[in-house]
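Hi everyone, and thanks for making the time.

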Amino acid sequence: MPAGPHPQWALRLPLPGMKTGRNAIARLRGKLVMVGFGSIGQACLGVLMERLGLRPDRVCIVKPSADHSGVAQQMGVKVLAHRLDEGNYETVLGPLLDEGDFLLNLSVDVSSLALIRLCRERGALYLDTCNEPWPGRYDDPSLPLSRRSNYSLREEVLAYRLDKRQGPTAVITQGANPGLVSALVKQALLDVAQANDKPPDTLPSCFEEWAALAQSLDIRTIHIAERDTQAARERKQRGEFVNTWSVDGFIDEGLQPAELGWGTHERHWPPDAHRHGHGSDAAIYLARPGIATRVRSWTPLEGPYHGFLVTHAESISIADHLTLRKDGKVVYRPTVHYAYHPCDDAVLSLHELAGHQWHAQRRHRLVRDDIETGMDELGVLLGGNSRGAYWLGSRLRIDEARRLAPFNSATSLQVVAGILGGMAWALQNPDAGVVEPDDLDHRLVLSVAAPLLGEVAGVFGDWTPLKDRSPLFDEPIDEEDPWQFLNVRVH
């Protein structure tokens with residue numbers, strides 16, 4: 001390990017026992033049915049056709065309207081214009097799905113659980129990047145905040161899968177984050193153990209063993225730490241929302257209550273926090289939107305920054321899977337949450353959105369081809385170990401993303417990498433039932449995804465939420481434990 005305060009190394013592939021790149025991907029023998037064709041659908045179509053060995057006549061896209069991007073037509077892929085709802089989704093999708101086909105759900109406002117049920121009936125594999133409900137759930141003021149949470153959506157899927165541990169594989173929430181970051185957490189735990197000269201004798205094989213490893217390393221908090229620096233030629237204008245990925249998707253999740261996995265080391269209960277009162281109890285929610293909640297975090301290239309605590313499925317699933325119980329009582333769990341600093345124009349868009357009392361701007365602009373510079377620095381930050389904070393993740397520049405795959409930004413290609421890794425696992429394990437990213441073999445996911453992620457680096461740093469805090473402001477802090485959420489949150 002290199003000397004100095006911030007030693008760094010790249011992820012070495014192949015990981016032990018794993019093939020890498022194309023060699024790790026089984027061919028899809030059936031058809032690919034893609035629901036939704038926004039920025040991520042356009043980004044992944046060509047990659048999936050090449051890596052899965054698909055001819056255009058074995059791919060079908062279902063989306064609410066005609067494809068005006070021209071991407072599907074350029075690829076020779078058929079597009080069916082149907083807006084799916086509770087009354088027609090079976091009629092539209094049922095005839096398209098046969099045993100051995102793969103449904104890739106990249107839509108907004110189409111129930112993930114409904115599509116999972118349909119795929120199971122048809123014998124088809126399934127993957128999505130976000131657990132979606134039918135329209136109206138996120139913005140229904142009559143629903144309590146808990147019902148509008150990702151925690152609640154996850155518990156519904158977990159309840160469905162209780163007696164469905166086998167059958168056609170359905171991978172939920174497997175993009176970049178959620179998705180790829182769950183694999184990065186496992187690899188980061190192994191890296192930190194190696195840096196402390198106490199690697200496990202064997203690779204952990206169950207949730208309890210991964211949790212015991214994290215506990216032995218004194219990992220108290222895990223941030224999904226992301227800084228997007230991409231910038232387009234035309235800057236944000238008044239009255240528009242600009243983003244490097246789905247605008248509707250970002251606004252929807254940003255206006256959900258902020259959610260985080262709640263660690264056993266925490267001793268300061270947030271005044272606006274609530275428990276859900278059912279399910280795993282691995283996470284809590286705050287009575288405020290995620291895009292109105294800021295947290296301190298760190299990435300190696302950006303340094304310290306203030307990010308938004310936007311609700312994400314991985315904040316709940318990682319915390320749940322890294323939970324240790326003894327005699328029915330929780331004895332260890334880290335605090336886990338997203339710490340997102342989107343591109344600068346998206347930050348301006350969020351400020352304007354908040355100023356308009358959370359009413360979305362009329363104009364939405366997704367930037368991709370007009371991005372001139374920047375990268376997406378996306379990874380996981382593990383805090384608490386005496387060796388220092390450890391960040392492991394992808395540094396993908398816009399020019400490299402374009403070289404690796406057309407119709408992509410750095411942000412979208414990181415999602416595509418997670419999708420490809422998840423699909424590769426599903427094709428190798430087609431009878432696994434409903435699974436989360438934390439259930440997958442992280443070595444396979446990373447081996448498949450890494451060629452699309454640019455530089456994958458691990459970096460130790462001496463940053464904590466209390467480092468260089470200004471004495472000019474009287475904020476509540478806990479000096480004994482810098483990794484308390486009290487210190488992480490921006491008050």
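Predicted model: local features only at pLDDT ≥ 70, side-chain atom pairs only at ≥ 80, totals over all residues.

Let's begin with charged side chains. How many salt bridges does the structure hold? The count is 31, and I've picked a few to walk through.

Take Asp57 and Arg55 to start with. Their side chains meet in a salt bridge, with 3.2 Å from N to O. Asp57 is exposed, at a relative accessible area of 57%, while Arg55 is partly exposed, at 48%.

My next pair sits within a helix. Arg403 makes a salt bridge with Glu400, and the closest N and O atoms are 3.4 Å apart. Why can I talk about helical turns here? Because the two residues are 3 apart in helix 11, residues 398-404, about one helical turn separates Arg403 from Glu400. And is each of them buried or exposed? Arg403 is exposed, with a relative accessible area of 60%, whereas Glu400 counts as buried, at 15% relative accessibility. Salt bridges can also link up through shared partners: Lys31, Asp98, Asp101 and Arg122 are joined into one network that way.

On to the hairpin. Please find strand 16, residues 324-326, and strand 17, residues 329-332. The two pair in the antiparallel sense, over 3 bridges. Across the pairing, Lys326 stands opposite Lys329 in strand 17. Together the strands form a hairpin with 2 residues between them. In that turn, have a look at Asp327, which has a positive phi of about 55 degrees.

Now for the spaces inside. The count comes to 7 cavities of 30 Å³ or more, and I'll show you two of them.

The largest cavity has about 80 Å³ of space. Which residues line it? They are Ser182, Val185, Lys186, Phe207, Trp210, Ile318, His321, Leu322 and Asp438. Three helices each supply at least two residues to the lining: helix 6 (180-195), helix 7 (207-216) and helix 9 (313-321). Helix 6 gives the most, with 3 residues.

The second largest cavity has about 70 Å³ of space. Around it you'll find Asn131, Asn150, Arg154, Ile172, Thr173, Ala313, Ile316, Ser317 and Glu436. Helix 5 (150-160) and helix 9 are the elements that give two or more residues to this lining. Which helix gives the largest share? That is helix 9, with 3 residues. The lining of the second largest cavity divides into 3 nonpolar, 4 polar and 2 charged residues.

Conventions
Residues numbered from 1 in each chain as written. Heavy atoms only, no water. Salt bridge = Lys/Arg side-chain N within 4 Å of Asp/Glu carboxyl O. Buried < 20%, exposed > 50% of the residue type's maximum accessible area, 1.4 Å probe, protein only. Helix = DSSP H or I, 4+ residues; strand = E, 2+ residues; numbered from the N terminus. Pairing = 2+ DSSP bridges. 1 Å grid on protein atoms, 1.4 Å probe; cavity = no way out; pocket = protein on both sides within 12 Å on 5 of 7 lines; lining within 4 Å. Points joined across faces, edges and corners; volume = space filled by probe spheres on them. Nonpolar A, V, L, I, M, F, W, Y, C, P; charged D, E, K, R; others polar.
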